[in-house]
Amino acid sequence: LGGSRSAASSKLSILRFRLIWLIGCFGHLQSTSSLKLAHSALAAILVDSDQQNDVAVRLAATQCMSDLLYLPIDYHRHYAIHDPCRVITNLYKLLSECNEIDSIRQVMTLISQIIDEVGNSNAIAS
């Protein structure tokens, strides 16, 4: 029973990883409303209070969110970052699980981007 549960969990992690990858690949083609939904989904993965997502999935979400923040749209006019403090807190927790310098850099870059986005635009949603 335990073996089948871990196999199912592994398959779900692979599926989540690939879905995040697809969001990142097609982010530049998405409408503003789709980007809002994508960021909400990515934030939910990063916050992950149920510990359903492994480090690889959360790092993929980190990279995807970072890529979406670099899109050449007037982002802060269209999207309010919901609960950026909670996302940043969980990104710091993710840092403690990272072993490689590139992963640490990736997480720190996203933290910086979120702080910059919130500071530049009053993007915190009420």
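**Helix H5 and its surroundings**

Mentor: Helix H5 has 14 residues and spans 20 Å from its first C-alpha to its last, close to the 20 Å expected at 1.5 Å a residue. The model is predicted.

Trainee: Which residues of H5 are buried?

Mentor: The buried residues in H5 are Pro-84, Val-87, Ile-88, Asn-90, Leu-91, Leu-94 and Leu-95. They lie on the same side of H5, because the arc they cover around the axis is only 165°. An α-helix has 3.6 residues a turn, so residues three or four places apart point the same way. On the other side of H5, Cys-85 and Ser-96 are exposed.

Trainee: What makes Pro-84 buried?

Mentor: The relative accessible area of Pro-84 is 6%. The cut-off for buried is under 20%, so Pro-84 is called buried. Pro-84 belongs to helix H5, and its C-alpha is separated by 9.4 Å from that of Ile-111, 27 residues apart along the chain.

Trainee: Why is Thr-89 called partly exposed?

Mentor: Thr-89 has a relative accessible area of 40%. Buried requires a value under 20% and exposed a value over 50%; 40% falls in between, and therefore Thr-89 is partly exposed. Thr-89 is also in H5, which covers residues 84–97. Its C-alpha lies 8.4 Å from that of Val-47, a residue 42 positions apart from Thr-89 along the chain.

Trainee: Which residues touch the most other members of the largest nonpolar core?

Mentor: They are Ile-20, Leu-91, Val-107 and Ile-114, in a core of 28 residues. Two or more residues of this core come from each of helix H2 (32–47), helix H3 (55–69), H5 and helix H6 (101–121). H3 gives the largest share, eight residues. In soluble globular proteins, nonpolar side chains tend to be buried together.

Trainee: With which residues is Val-107 in contact, leaving aside its neighbours within four places in sequence?

Mentor: Val-107 is in contact with Leu-59, Thr-62, Leu-91, Leu-94, Leu-95 and Cys-98. Leu-91, Leu-94 and Leu-95 are among the buried residues of H5.

Trainee: Are Cys-25 and Cys-64 buried or partly exposed, and what makes them so?

Mentor: Cys-64 has a relative accessible area of 4%; this is under 20%, and therefore Cys-64 is buried. Cys-25 has 30%, which lies between 20% and 50%, so Cys-25 is partly exposed.

Trainee: What secondary structure does the chain have?

Mentor: The chain has six helices and zero strands, in the order α-α-α-α-α-α from the N terminus. Of its 126 residues, 37% count as buried. Among contacts with a separation of 6 or more, 71% join residues 24 or more positions apart. The chain exposes about 7,700 Å², of which carbon and sulfur atoms supply 57%.

Key:
Residues numbered from 1 in each chain as written. Predicted model: local features only at pLDDT ≥ 70, side-chain atom pairs only at ≥ 80, totals over all residues. Heavy atoms only, no water. Helix = DSSP H or I, 4+ residues; strand = E, 2+ residues; numbered from the N terminus. Buried < 20%, exposed > 50% of the residue type's maximum accessible area, 1.4 Å probe, protein only. Expected span 1.5 Å × (residues − 1). Arc of directions from axis to C-beta. Core = buried A, V, L, I, M, F, W, Y, C linked by side-chain atoms within 4.5 Å. Contact = heavy atoms within 4.5 Å. Areas by Shrake-Rupley, 256 points an atom, 1.4 Å probe, with all protein chains shown as cover.
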